[in-house]
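Subject: Structure for your study

Dear colleague,

Please find below the structure that I promised to pass on to you. My notes on what was found in it follow directly after.

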Amino acid sequence: MPKNSKVTQREHSNEHVTESVADLLALEEPVDYKQSVLNVAGEAGGKQKAAEEELDAEDRPAWNSKLQYILAQIGFSVGLGNIWRFPYLCQKNGGGAYLVPYLVLLIIIGIPLFFLELAVGQRIRRGSIGVWHYVCPRLGGIGFSSCIVCLFVGLYYNVIIGWSIFYFFKSFQYPLPWSECPVSRNGTVAVVEAECEKSSATTYFWYREALDISNSISESGGLNWKMTLCLLVAWSIVGMAVVKGIQSSGKVMYFSSLFPYVVLACFLVRGLLLRGAIDGILHMFTPKLDKMLDPQVWREAATQVFFALGLGFGGVIAFSSYNKQDNNCHFDAALVSFINFFTSVLATLVVFAVLGFKANIMNEKCVVENAEKILGYLNNDVLSRALIPPHVNFSHLTTKDYAEMYKVIKTVKEDHFSALGLDPCLLEDELDKSVQGTGLAFIAFTEAMTHFPASPFWSVMFFLMLINLGLGSMIGTMAGITTPIIDTFKVPKEMFTVGCCVFAFFVGLLFVQRSGNYFVTMFDDYSATLPLTVIVILENVAVAWIYGTKKFMQELTEMLGFQPYRFYFYMWKFVSPLCMAVLTTASIIQLGVTPPGYSAWIREEAAERYLYFPNWAMAILITLIVVAVLPIPVVFVLRHFHLLSDGSNTLSVSYKKGRMMKDISNLEENDETRFILSKVPSEAPSPMPTHRSYLGPGSTSPLETSGNPNGRYGSGYLLAGTPESEL
């Protein structure tokens, strides 16, 4: 040590010497932080550690039980996407063939990164902002970006819960209001609504009665007051569930996480008993192998893995930060990932069983309508009766008989067949009709339920399940916003949470305009996907390449009591970053090749038409993406050029020979301050100064250093160590 250092002056002078903590630790030899504790009064290390753990337990909330925590993680990861997005992607991307890329990406990306988020949250015991500030200060903007993405998702996600609330209350009547087209009377003549007659009763109810949708995103149409009230109810429910943090949301999870499985089990049993259910399930599990080689399928599978497990949102980190240090998060990662995949497959079985039933009904309806056309042609001598096979009975016409008759007529009348307007009525065609996203739940599935006995009961159960699934995910999404902000800025929890809900409700009015559904598409399909991918990549890089995979694995071993599989080392270090880089590149290319657009409902045509976003909407979309990722480069630049402190040089310590005195003249509310002063041990994420903690893959963990338990500070004071400070 230099002879003129301030630490050396301490040994030869009774005068006060003031020096920053960063300078002190930079000049001193490595200290065994595990054995070190701050000991101004000379207390024994064991007593001090016990006192710190007691303060930690009192200061930071904790889950009441392991079951409550697991249910919270399941409730967050298992959401509406498992019910309609996963089945839709299976239907669109080759049935069983889609399960192969999904499983592969779940194993090499999903589970390793889910485990990583669980581990860093539990180890550091902070929200996403505090975690990534600690792991790598220059990448501290990751936490802020996660909060912004959570805000974007929460804004439109609660609108979907509002839709479910609307349908839930409409389900308490028989017959269901979407089972038949509305009829108006013009004198003595009953007239069916033209828009409904051209489409279907469920489609009409969704687009006209529920959304009252405009023809394009450019036509605002004003607020839909029914959906505005439902949105208010949705935010009120979410606010009450999260206002007390995990003390309130943890109790809600017992119902919101378990009830959907009861409903799914009931629907599965009911669905398997339906006529044609097996046709739908066989259609699902019949793989179209050519789809497995389609890069688009792999990109969509990776995106679904991210959304299914909640990677990058910060909710996983927030929930795990309330765990005890010795919790086995490795087991949690495997368990929650398996339950998530199991739920997706279970929901897909239910959906395809019901869609198989619906396809058979629609196919029979097609046969009846086309048989009436053929009878008309026979009566008007357009077709000869010789074309009809003798065994065909029009009063009991089967799909097989119709297919045979259709084939004969098509062969004989080949030149004029198109003028007859006959449909083949193939069951396969009905099963191949894919309905995307919300349409699967609010149109296709809803239509199938109208044919169930006691249809209002099943409708009430279905939409109550959707409300609970959405609520579980919204609790995790809100935790991804509130936990890091409250941890970092020490704002009042209840006031901030209520303020967030009120703010989100007023911003969410954008989505309950008559054109609101198109904005939901913009946010759901585009605004969150690319930023989320960037966030997850940087999380992986921050831990594996900056903090150091070896060091991280060593510290996980100490925390868990056993060494995780080497599989995770290679996934974090090489495979996952490479796969995600390819995914990001593919997403950017996709946006460039295929301009973003949406499916618009054209009232006059009573049909959907794909439209591209106008220039002003594209400007909004690009702005959303930029805003979501902007904190990452901003924080990086500010800290790289020392325009924003990382907290390592803000604390000074005054001392005389033989003792230490605390100078609080320039203290700030940061992690190092609380660590040195042991102000709140539970909030001290690390005993290591930030500029010494992030030395990269080849650095030696402070946990590996050895020496005097008191280090070089033995004559006057010891350094504090807390359970959550060893990552």
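**Two helix pairs and a recorded site**

The crossing of H7 and H8 is right-handed. Please keep in mind throughout that this is a predicted model.

Two packed helices are described by the angle between their axes and the distance between the axes. For helix H7 (residues 128-135) and helix H8 (residues 141-170), the axes come within 7 Å and cross at roughly 160°. An angle over 145 degrees counts as roughly antiparallel, and H7 and H8 are therefore roughly antiparallel to each other. On the H7 side, Ser-128, Ile-129 and Trp-132 take part in the contact, and they meet Ile-142, Gly-143, Phe-144, Ser-146 and Cys-147 of H8. Sorted by class, the residues of this contact are 5 nonpolar and 3 polar, with no charged ones.

A second pair is formed by helix H13 (residues 277-285) and H16, whose axes come within 6 Å and cross at roughly 125°. That angle makes H13 oblique to H16. The crossing of H13 with H16 is right-handed. H13 contributes Ala-277, Asp-279, Gly-280, Ile-281, His-283, Met-284 and Phe-285 to the contact, while H16 contributes Thr-348, Leu-349, Phe-352, Ala-353, Gly-356, Phe-357 and Asn-360. The contact of H13 with H16 comprises 8 nonpolar, 5 polar and 1 charged residues.

**The recorded binding site**

Which residues does UniProt list under "binding site"? The unreviewed entry names Gly-75, Val-78, Asn-82, Asn-340, Leu-469 and Ser-473. These residues span 399 residues in sequence, yet no two of their C-alpha atoms are more than 12.6 Å apart, so they gather at one spot.

Two members of this list may be examined in turn. Gly-75 belongs to helix H4 (residues 66-77). Is Gly-75 buried or exposed? Its relative accessible area is 6%, and Gly-75 is therefore buried, the limit for that class being under 20%. Apart from neighbours within four places in sequence, Gly-75 is in contact with Met-253, Ser-257, Leu-469, Gly-472 and Ser-473.

Asn-340 is found in helix H16 (residues 329-379). With a relative accessible area of 2%, Asn-340 is buried. Once neighbours within four places in sequence are set aside, the contacts of Asn-340 are Ser-77, Val-78, Asn-82, Tyr-102, Ala-308 and Leu-309.

**A loop residue and the whole chain**

Thr-398 sits in the loop between H16 and helix H17 (399-412). Thr-398 has a relative accessible area of 37% and is therefore partly exposed. How far apart in space are Thr-398 and Val-368, which are 30 residues apart in sequence? From C-alpha to C-alpha, the distance between Thr-398 and Val-368 is 9.2 Å.

Finally, some figures for the chain as a whole. The chain contains 29 helices and 7 strands. It has 727 residues, of which 57% count as buried. Among contacts with a separation of 6 or more, 80% are between residues 24 or more positions apart.

Yours sincerely,
A colleague

Key. Residues are numbered from 1 along each chain as its sequence is written. This is a predicted model: local features need pLDDT of at least 70, side-chain atom pairs count only at pLDDT 80 or more; totals for chains, interfaces and linings use all residues. Side-chain values use heavy atoms; hydrogens and water are left out. UniProt positions are given in the numbering used here, feature names are shortened, and annotations may be inferred rather than shown by experiment. Helices (H or I, at least four residues) and strands (E, at least two) are DSSP runs, numbered from the N terminus. Buried means under 20% relative accessible area, exposed over 50%, partly exposed in between (1.4 Å probe, protein chains only). Contact means heavy atoms within 4.5 Å. Axes are lines fitted to C-alpha atoms, for helices over the stretch in contact, and angles run from 0 to 180 degrees between N-to-C directions. Angles under 35 degrees count as roughly parallel, over 145 as roughly antiparallel, 65 to 115 as roughly perpendicular and the rest as oblique. A crossing is left-handed if the near helix is turned anticlockwise from the far one by less than a right angle, and right-handed if clockwise. Ala, Val, Leu, Ile, Met, Phe, Trp, Tyr, Cys and Pro count as nonpolar, Asp, Glu, Lys and Arg as charged, and the others, Gly among them, as polar.
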